[in-house]
Amino acid sequence: KTLKMSEADLIREATEFVTSVHGTPFAGTFGEHLKDGTVLCEFLNKLKPGAVKGFKKSKMPFVCMENINAYTQACKTLGIPDEYNFVTVDLWDGTRLKQVALNVITLKRQHGFGMASGPKEQVNVKTGADQTTESVASPRAAGAKAQGCRECNGFVTGGQIEMTTPGEKFYYHPRCFNCKKCGVNLKQGAAMAQHASQPYCDKCILIVNPKGSVKAATRDMGFKFS
């Protein structure tokens, strides 16, 4: 999906975040300053102590590329999805610096920087055992006045997610209530947010809507069906 931030804006935000965490002003361009991998490794270790091991400062291309690889592998270990990570040549050759910046911003959001404070909105979660995918047009569904799942169109007679947006209410099976971008299930207690009447996880909402913030979390409302 298309990002809503320009490359210049992504690089600007990533530069500011790396500088604030690492404590060292950039020398040269975004790509030049990060190219040997050591600043990225040190930056990640300040966010998550011990996340990257075995990197070292060097001007030798092979060592620099090993540093970059150590950083990206550590990002994977920390749960950064591949679509928000990058490969060594993206930074070393300077061909996809936008992807490098996106990676840094994803780490920023993952660690809670830039998130909204204050009470969280809630998405109602009603739990139950029946997870049928029978069509909403079936006689049983019609007789039960069941709500249709927005994703699979099966009717919901048990576990139920109610997502309310201005003027609308949508229903999902818990297994069908997934982030619209990455597909991760927004299970009970998961941080999530809405954008354009769609649910997103705490990472993806700040990619598809960078000016937004994670304000919601699912909670258990018990089960009631009529």
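Visitor: Does Glu13 count as buried or exposed, and at what relative accessibility?

Guide: This is a predicted model. In it, Glu13 has a relative accessibility of 13%. Buried means under 20%, so Glu13 counts as buried.

Visitor: What makes the contact of Glu13 and Lys108 a salt bridge?

Guide: The side chains of Glu13 and Lys108 meet at 3.0 Å, N to O. The rule asks for a nitrogen of Lys or Arg within 4 Å of a carboxyl oxygen of Asp or Glu, so the pair qualifies as a salt bridge. Glu13 lies in helix α1 and Lys108 in helix α6, so the pair ties together parts that are 95 residues apart in sequence.

Visitor: Why is Lys108 called buried?

Guide: Its relative accessible area is 17%. The cut-off for buried is under 20%, and Lys108 is therefore buried.

Visitor: Why is Arg12 called partly exposed?

Guide: Arg12 has a relative accessible area of 44%. Partly exposed lies between the limits of under 20% for buried and over 50% for exposed, so Arg12 is partly exposed. The side chain of Arg12 meets that of Asp9 in a salt bridge at 2.5 Å, N to O. Both residues lie in helix α1, three residues apart, about one turn of the helix.

Visitor: How do you know that Asp90 is buried?

Guide: The relative accessible area of Asp90 is 4%. Buried means under 20%, so Asp90 is buried. Its salt-bridge partner, Arg96, counts as partly exposed at 42% relative accessibility.

Definitions and conventions:
Residues numbered from 1 in each chain as written. Predicted model: local features only at pLDDT ≥ 70, side-chain atom pairs only at ≥ 80, totals over all residues. Heavy atoms only, no water. Helix = DSSP H or I, 4+ residues; strand = E, 2+ residues; numbered from the N terminus. Buried < 20%, exposed > 50% of the residue type's maximum accessible area, 1.4 Å probe, protein only.
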